[in-house]
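Below are some notes on the fold, written for reading beside the model. The points go from strand pairing to sheets, then to helix packing and overall size.

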Amino acid sequence: CILCHRCEQTCPILHPPVPGPAPAAAHAVWNRDEAERTASSSGGFFSLLARHVLEQGGAVFGAALDEDMTARHVCARTVDELAPMRGSKYVQSDLDGIFREIREVVKTRPVLFSGTPCQVDGLYRYLGGRPENLTTCDLVCHGVPSPGVWEAEARAIEAKKRKQLANVRFRDKVEGWKNSHFTVAYTDGTVDSAPLFATGFGRAFGRALFLRQSCHCCQYTNLNRPGDFTLGDLWGLKPEEFAEQQHEGISLLLVNTPHGSYVFDKLALACRPFPVERAVAG
């Protein structure tokens, strides 16, 4: 510490965000590309938005699992590099060096950053504002488990199976969107899959047993969102609502800023208006 007080000046707890106007409407959206939608946790909106940014010559920053199954934010500059970013990662991601990289990249090309709302707010505060080239997407976040808990779980799976993990999908759609599976792939090509909330990790996550303590007093669990977009699952639907789409997954989308609205109008996606009150209740 050199007593510059930068941490105190930028801390969102010491300087809470000023509430802005809440979105007037929510949207039920889904990606028309079935492969991208199937590989996503809900409706596949992130992939659409990311492809749009890449088509403008931009870069996309999102969370992916590395070879040790550690969640880290990484940069994608091609469509193929987006694949590891799809799907939920139920663990806090490592942001080491990412904000510094974004600060340089955003000077010359469009950038999309996707993360939890505290990460999005932290990025804006680090940059000292909202650059014109930056688009952000925050998540409807259940809270983030400690990375140490997830690392212990990953190592325990490997020890029990005597195999090395190759990939993990926390929200696999092997039985559809509403019955999420925890699917583990090993380096020998074998796969294990079980309903998420039938696994020890899933049950503990759902009951908030190992979330970061700060998540229990989160100041972003409202409609005053920091991102240009807010993305989540559209839970609480009646069986007859979007009946043909529910098995494949439907995203809840909030458009929070004029920049978000401008980008949203350029995206080719299936979209239906949905009452904000019901979206929040779900």
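1. Strand β9 (residues 229-233) and strand β10 (residues 251-255) run antiparallel and are joined by five bridges. Within this pair, T230 stands opposite L254 in β10. Strands here are DSSP runs of E with at least two residues, helices are runs of H or I with at least four residues, and both are numbered from the N terminus. Two strands are said to pair if DSSP finds at least two bridges between them.

2. This is a predicted model, in which local features need pLDDT of at least 70 and side-chain atom pairs count only at pLDDT 80 or more, while totals for chains, interfaces and linings use all residues. Residues are numbered from 1 along each chain as its sequence is written, and side-chain values use heavy atoms, with hydrogens and water left out.

3. β9 and β10 belong to an open sheet of eight strands with mixed pairing, in the order β3-β2-β4-β5-β9-β10-β1-β11. Its edge strands, β3 (71-76) and β11 (270-274), each pair on one side only. On average, neighbouring strands of this sheet are turned by 25 degrees against each other, direction ignored. Axes are lines fitted to C-alpha atoms, for helices over the stretch in contact, and angles run from 0 to 180 degrees between N-to-C directions.

4. An open sheet of three strands has antiparallel pairing and the order β6-β7-β8. The edges are β6 (165-172) and β8 (191-195), each pairing on one side only. Neighbouring strands of this sheet are turned by 10 degrees on average, again with direction ignored. Strand β7 (residues 181-186) runs antiparallel to β8 and is joined to it by five bridges; H181 stands opposite P195 in β8.

5. Helix α5 lies across β3, β4 (111-115) and β5 (134-139), and runs at about 150 degrees to β5. Contact means heavy atoms within 4.5 Å.

6. How do helix α4 and helix α5 cross, and at what angle? The axes of α4 (residues 98-105) and α5 (residues 117-127) come within 10 Å and cross at roughly 55 degrees. The two helices are therefore oblique to each other (under 35 degrees is roughly parallel, over 145 roughly antiparallel, 65 to 115 roughly perpendicular, and the rest oblique). F99, R100, I102 and R103 in α4 meet Q119, G122, L123, Y126 and L127 in α5.

7. The chain has nine helices and eleven strands. Its C-alpha atoms fill a box of roughly 55 × 50 × 35 Å along the principal axes. The radius of gyration is 19 Å, which agrees with the value near 19 Å for a compact globule of 282 residues; the radius is taken over C-alpha atoms, and the globule rule is 2.2 Å times the number of residues to the power 0.38.
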